[in-house]
Amino acid sequence: MEETAGERRRIFCALTFTDEERELLAGVRDQVMAGLAKGSPSRTENLHLTLAFLGMLDAEEEERAEAALRAAAAASGPVTITLGGLGSFGSRRHAGVVWRGIASSQGLMELEARLVSALKDRDLALEDRPYRPHITLVRGAKARLDEDLDALLAKLSSGMEPQEICFTSASVMWSHHPEGGPLTYTPLATEALRVS
């Protein structure tokens with residue numbers, strides 16, 4: 001579908017994973033789902049690490065977001081993260097969101113700070129809350145009646161091996177439902193991170 005004049009699209013900036021990395025994350029997601037009463041798992045192809053959420057933008061604002069990403073990427077070297085354990089946003093039984101955290105990182109916080117600065121320099125509004133890097137695995141998560149969600153996530157986390165991932169690019173992403181289908185994240189622009 002071609003973009004029409006005045007159309008606004010839901011936009012965010014993110015680091016994206018390789019197919020192999022997404023499959024590893026999907027395996028953890030499936031373990032979480034097996035222990036829940038209910039939840040909506042993130043689609044494997046949608047797994048990503050958000051840098052900044054921008055919300056609904058028009059075409060001109062998208063161009064400014066892409067320019068901001070270009071500037072931040074040119075000033076930032078590759079990003080290396082080590083995946084950590086599982087956590088949740090919400091109550092002890094009804095989390096809403098279950099995520100995999102970041103145990104350590106090199107370059108991530110610097111890239112995020114440069115991107116936020118570049119976006120603000122271009123008059124793009126951002127959520128006013130601290131950056132908490134995580135990978136969303138399940139939304140609408142609800143524990144079984146006989147289980148505490150924190151205990152389940154702690155148990156699953158204890159068996160996880162640390163996993164190091166290196167990113168050499170970052171993307172501006174479009175969150176949409178093509179032709180009314182499932183939620184899809186489509187890269188609109190991808191910028192290489194500066195080689196150190």
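The model is a predicted one, and within it the count of aromatic pairs comes to 3. The largest pocket holds about 1100 Å³ of space, and its lining draws on both strands and a helix, including β3 (48-57) and α3 (108-121).

**Aromatic rings**

- A pair of aromatic rings is described by the distance of the centres and the angle of the planes.
- One of the pairs joins Phe12 and Tyr185 in an edge-to-face arrangement, with 5.1 Å from centre to centre and 80 degrees between the planes.
- This pair links distant parts of the chain, since Phe12 belongs to strand β1 (residues 9-16) while Tyr185 belongs to strand β9 (residues 184-192), 173 residues apart.
- Phe12 has a relative accessibility of 4% and therefore counts as buried, and Tyr185, with a relative accessible area of 16%, is buried as well.

**A charge over a ring**

- The charged end of Arg9 sits over the ring of Trp174, at 4.2 Å from the centre of that ring.

**The largest pocket**

- The largest pocket is lined by 33 residues, of which Thr50, Phe53, Glu127, Arg129 and His134 are the closest to its centre.
- At least two lining residues come from each of β1, β2 (36-41), β3 (48-57), α3 (108-121) and β6 (134-143), and β3 supplies the largest share, with 5 residues.
- Sorted by class, the lining of the largest pocket consists of 16 nonpolar, 8 polar and 9 charged residues.

How values were computed:
Residues numbered from 1 in each chain as written. Predicted model: local features only at pLDDT ≥ 70, side-chain atom pairs only at ≥ 80, totals over all residues. Heavy atoms only, no water. Phe/Tyr/Trp six-rings, centres within 6.5 Å; stacked < 30°, edge-to-face > 60°. Helix = DSSP H or I, 4+ residues; strand = E, 2+ residues; numbered from the N terminus. Buried < 20%, exposed > 50% of the residue type's maximum accessible area, 1.4 Å probe, protein only. Lys NZ or Arg CZ within 6 Å of the ring centre and 35° of its normal. 1 Å grid on protein atoms, 1.4 Å probe; cavity = no way out; pocket = protein on both sides within 12 Å on 5 of 7 lines; lining within 4 Å. Points joined across faces, edges and corners; volume = space filled by probe spheres on them. Nonpolar A, V, L, I, M, F, W, Y, C, P; charged D, E, K, R; others polar.
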